[in-house]
Amino acid sequence: MFKIRRSAERGHFDHGWLDTYHTFSFGDYYDPAQMDFRALRVINEDRVAPGGGFGMHGHRDMEIVTCVLSGALEHKDSLGHGEVLRPGEMQHMSAGRGIRHSEFNPSATEPVHLYQIWLMPRTNGLTPSYSQKAFAKDNRQGQWQLVASPDGSAGSLKIEQDAKVYLATVKGQIDFTLASGRYGWLQVMGGELKLGSELLKAGDGVAISEEPKITLLADSPAEVMLFDLS
């Protein structure tokens with residue numbers, strides 16, 4: 001079964017410095033029918049204006065994965081990390097029993113466009129941690145590139161949840177097989193493609209249940225993120 005969450009159906013706020021879309025209930029956006037999907041709790045698509053950002057604030061008991069599509073995002077945290085996240089890189093922060101961080105757009109001229117995802121952890125009270133890695137875009141042309149997993153396999157970021165996160169640039173046909181009892185979430189980050197008879201565009205998401213295989217078709221390159229969930 002495929003349940004499509006259209007881009008325009010998401011919660012949307014334009015704060016001037018921040019233009020944000022929420023797939024699930026978050027902050028001032030609340031919809032009891034859109035709280036989460038399996039371990040996925042937050043999928044936010046943010047555009048942060050030059051010089052804008054989120055001051056130091058705290059999180060706990062959440063696995064946070066960030067992907068920058070364009071621009072750059074400067075990160076600082078209470079563990080002493082100070083990094084700049086750029087396109088082609090993925091960031092993971094395990095909030096565990098508590099972490100504080102800030103996120104700013106360091107550019108004076110260019111906005112930053114990003115996706116931030118929160119997954120509920122396998123257990124609460126874990127030791128906080130931070131990691132960041134670059135993933136070559138060539139390695140996801142027409143194929144699935146593993147960028148996060150519970151065991152850090154294939155050089156992926158290690159997350160504290162039974163979930164795998166993949167990126168792909170789709171042109172032509174690409175398939176994905178879900179093992180029995182697994183669920184999926186597909187997020188279109190750029191371009192457009194077809195899932196069966198449905199045309200999906202940037203910002204659209206799809207909850208996937210009881211489907212052993214998905215097939216995506218695209219005439220022009222489309223960027224997607226896929227979650228393989230328990």
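## The largest pocket

Seventeen residues, written here as 17, line the largest pocket of this predicted model, and Leu18, His22, Phe26, Asn44 and Phe54 lie nearest its centre. A pocket here is an open set of points on a 1 Å grid over the protein atoms alone, where a 1.4 Å probe fits, with protein on both sides within 12 Å along at least five of seven lines; lining residues have an atom within 4 Å of a point. The space in this pocket is about 260 Å³, a volume filled by probe spheres set on the points, which are joined across faces, edges and corners.

At least two lining residues come from each of E3, E4, strand E5 (53-59), E10 and E11. Strands (E) are DSSP runs of at least two residues, numbered from the N terminus.

A word on the ground rules: residues are numbered from 1 along each chain as its sequence is written, and side-chain values use heavy atoms, with hydrogens and water left out. Since this is a predicted model, local features need pLDDT of at least 70 and side-chain atom pairs count only at pLDDT 80 or more, while totals for chains, interfaces and linings use all residues.

## Strand E4 and its partners

Let's look at E4 next. Of its 9 residues, 7 are buried, that is, under 20% relative accessible area with a 1.4 Å probe, protein chains only. On one side of the pairing list is strand E3 (residues 18-22), antiparallel to E4 over 5 bridges; strands pair if DSSP finds at least two bridges between them. Here histidine 22 stands opposite asparagine 44 of E4, and both His22 and Asn44 are among the residues nearest the pocket centre.

E4 also pairs with E11, again in the antiparallel sense, over 8 bridges. In that pairing, glutamate 45 has tyrosine 115 of E11 as its bridge partner.

## Two nonpolar cores

The largest nonpolar core has 24 residues, and Leu40, Met90, Ile117, Trp185, Met225, Phe227 and Leu229 touch the most other members. Such a core is a set of buried Ala, Val, Leu, Ile, Met, Phe, Trp, Tyr and Cys residues joined through side-chain atoms within 4.5 Å. Elements giving it two or more residues include strand E4 (40-48), strand E11 (112-119) and strand E20 (213-229). Leucine 229 has contacts (heavy atoms within 4.5 Å) that include Phe37, Leu40, Leu119 and Trp185, not counting residues up to four places away in sequence.

A second, separate core holds 21 residues, including Trp144, Leu200, Ile208 and Leu216. Leucine 200 lies in strand E18 (residues 198-201) and counts as buried because its relative accessibility is 0%. Its contacts beyond four places in sequence include Ile4, Leu186, Val188 and Val206.

Asparagine 105 sits in the loop between strand E10 (99-104) and E11, and it counts as buried because its relative accessibility is 3%. Its side chain reaches the backbone oxygen of glutamate 110 at 2.8 Å and the backbone oxygen of valine 48 at 3.1 Å. Leaving aside neighbours within four places in sequence, asparagine 105 is also in contact with residues including Pro50, Gly51 and Ala72.

Alanine 222 is found in strand E20 and is buried, because its relative accessibility is 0%. Although alanine 222 and glycine 191 are 31 residues apart along the chain, their C-alpha atoms are separated by 4.3 Å. Beyond four places in sequence, alanine 222 touches Gly191 and others, among them Ala168, Val170 and Leu193.

Terms used:
Buried < 20%, exposed > 50% of the residue type's maximum accessible area, 1.4 Å probe, protein only. Helix = DSSP H or I, 4+ residues; strand = E, 2+ residues; numbered from the N terminus. Polar contact = N/O pair within 3.5 Å; in protein donor to acceptor, adjacent residues only side chain to side chain.
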